[in-house]
Amino acid sequence: MSSRSVGQAVGRVAPTDSVIQPVGDGTVDPELELSTGPTDGVADRPTDDRVNILLVDDQPANLVALEAMLEDLGQNLVRAESGREALKRLLSDDFAVILLDVKMPEMDGFETAELIRQRDRSRHTPILFLTAADTSQTQAVRGYAVGAVDYLIKPVVPEFVRSKVAVFVELAKKNELLRRQAALLAQSEQAALELAETRAELVRDLEHKNRELESFSYAVSHDLRAPLRRIDSFSRAILESQGRRLDDEGRKFLSRVREASQQMAQLIDDVLYLSRVTRSDLRDQDVDLSEVAELVVSRLQEGQPNRRMEVKIRPGVVVTGDGQLLKIALENLLQNAWKFTGHQAEPRIEFGVTQTSGEPTYFIRDNGAGFEMTYAARLFGPFQRLHSQQEFPGNGIGLATVQRIIHRHGGKVWAEGLVGQGATFYFTLGRARS
C-alpha cells in the first residue's frame, strides 16, 4: 500500500506507547516495534463472543491506523503484513471480515483474494478492498470479480469504514449463533434418535422376556396341576375307603392335605388366568361401565340375597376399550369392595367418575376394612395380601389382574384408604372415547 497511508484519513494519532516515526521517503521503518496490544495473533484470544477481523497491509503504519479506526468495536484485530501471512492466518482461524490492501509486493490484494476464495473455509468471508493507488473503475470491477463486498478509495472516512465492518461483525455473530443452535439441535435430534432406538430395543427385549416368562408360567402351571389332582384324589380315596380305620386326628390331617392341594390348584388356575389376561389381544369398542357395574353387583347380590348393601352407580359412564377385559377389571374391584365390607353393619359401595389433572378418573369406593397407606404399593402385587385368609379369604390375584388390564389400556390404577374407614380404588384408561 502507498505511504499515503490510511492513517492520514483516520484523523487521530497512534497510541502513545507506539510511536510511529517516518523514514526519509515517508514510509514507516519496519524495524520499529509497534506496541498495539494483543492484535498480532489470536493465541491469547479470550473465550468470549468476540470475532476476528483480519487487517492485511504491507505498511505497519497503515495497520496501526486501521486498528485505531476499529478498536471501538471491541473485536479481535489480527494483523497480516503480506498476502502470504494473511493466508497463513486463515489456515488456523475464521474471520468475520477481511480488510485487504490492493498494492502489496510479491502478492497483491487481488491475487490474495483469489486464493482466499479457493478455500472452502473462507470462500464466503467478506473482503473490503482498500487502495489509494488506482481509482479506475477497471480495478474496482476486478475487485468485485474476485469476491469483494466493497472497494474503498482512500482517504476514507473512519466512521464509514467502522460502520461497514460493524455490519459484518454482527452478521458473523448471528451466523455463529445459528451454527451453534443448529449443532445443538442436531445433537438433540441425534440424542433423541439414539434414545428412541435404545428404548425400542429395551421394549423389544422386555416383550421377549415377558413372553418367555408367560410361557414358562403357563407350562409350569399345567405341569403342576396333574400331581396336585392326584394328591387330592388319593387323599379323598383314603378318606372314603380307610376313613373308619383312622382316628379323628388322621382324618383331620388328610382333610388338611386336600385343602392345601385344592388351594394350590386354585392358585395355579389364578396364575393361568392372569397369564391369559396379559396375552389376550385388545379389541377397542364402546363399553358402558355403568351397565357392567350394575350387572356385577346384581350377581353378587344373587349370591348373598340376605345381605343388605347400599349401592350407588353413576349412570352413563361410557369408555373406549376392550369390553371383556374391562368387565374382568370391574368385577375384581367390585368383588373386592363387596368382600371387605362384609363386617360392616351398613355397607356401602359406590362407582363413579371424577377428574384428575383434566383426565377422567373412575373409582370404586367402599366403607369396608380399609388398609394402611404404608402398604399401598403391595396391593397390586400377585399373591400379596394385607389381611389374613381367615378374616377375608382370597388368593391375592384380583388386584394384580386389574393392574395389568388397566396398564394394557395405557392407564394407571392406585388406591387410597384408612384402616376401618374403607378404601377407594381409582383408575384411568389413557384412551379418549371414540
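The legends below describe close-up views of a predicted model.

Residues are numbered from 1 along each chain as its sequence is written, and side-chain values use heavy atoms, with hydrogens and water left out. Because the model is predicted, local features need pLDDT of at least 70 and side-chain atom pairs count only at pLDDT 80 or more, while totals for chains, interfaces and linings use all residues.

View 1. Helices (H or I, at least four residues) and strands (E, at least two) are DSSP runs, numbered from the N terminus. Of the 434 residues in the protein, 40% are buried; buried means under 20% relative accessible area, exposed over 50%, and partly exposed in between (1.4 Å probe, protein chains only). Among the contacts in the protein with a separation of 6 or more, 66% come from residues 24 or more positions apart, a contact being heavy atoms within 4.5 Å.

**View 2. The parallel sheet is open and has five strands in the order β2-β1-β3-β4-β5.** Two strands pair if DSSP finds at least two bridges between them. The edge strands β2 (76-80) and β5 (150-153) each pair on one side only. From one strand to the next, the twist averages 20°. Five bridges link β1 (residues 52-56) with β2 in the parallel sense, and Leu55 has Arg79 in β2 as its bridge partner.

View 3. Axes are lines fitted to C-alpha atoms, for helices over the stretch in contact, and angles run from 0 to 180 degrees between N-to-C directions.

**View 4. The mixed sheet is open, with five strands in the order β7-β9-β10-β12-β11.** β7 (310-313) and β11 (413-418) stand at the edges with a single partner strand each, so one side of each has no neighbour in the sheet. Its twist averages 20° from one strand to the next. Helix α9 (residues 323-340) lies across β9, β10 and β12 and runs at about 35° to β10.

**View 5. Strand β12 is mostly covered, with six of its six residues buried.** Gly422, Thr424 and Tyr426 point one way from the strand, whereas Ala423, Phe425 and Phe427 point the other way. β12 (residues 422-427) runs antiparallel to β11, and six bridges join the two. Ala415 stands opposite Phe425, and Gly417 has Ala423 as its bridge partner. β10 and β12 also pair in the antiparallel sense, over five bridges, with Arg365 partnered by Thr424. The hairpin of β11 and β12 has three residues between the strands, and Gly420 in the turn has a positive phi of about 80°.

**View 6. Helix α8 (residues 289-303) has buried residues along one face.** Its 15 residues reach 21 Å from the first C-alpha to the last, close to the 21 Å expected at 1.5 Å a residue; the expected span is 1.5 Å times one less than the number of residues. Leu289, Ser290, Val292, Ala293, Val296, Val297 and Leu300 are the buried residues of α8. Seen down the axis of α8, they fall within an arc of 160°, so they line one face of the helix; the arc is that of the directions from the helix axis to the C-beta atoms. Glu291 and Glu302, on the other side of α8, are exposed. Asp288 caps the N-terminal end of α8, with a side-chain oxygen 3.1 Å from the backbone nitrogen of Ser290.

**View 7. Gly370 sits in the loop between β10 and α10.** Its relative accessibility is 10%, so Gly370 counts as buried. The C-alpha atoms of Gly370 and Gly422 are separated by 4.0 Å, although the two residues are 52 residues apart along the chain. In helix α10 (residues 398-408), the buried residues include Gly398, Leu399, Ala400 and Thr401, and also Val402, Ile405 and Ile406. Just after α10, Gly410 takes a positive phi of about 80°.

Notes: Polar contact = N/O pair within 3.5 Å; in protein donor to acceptor, adjacent residues only side chain to side chain.
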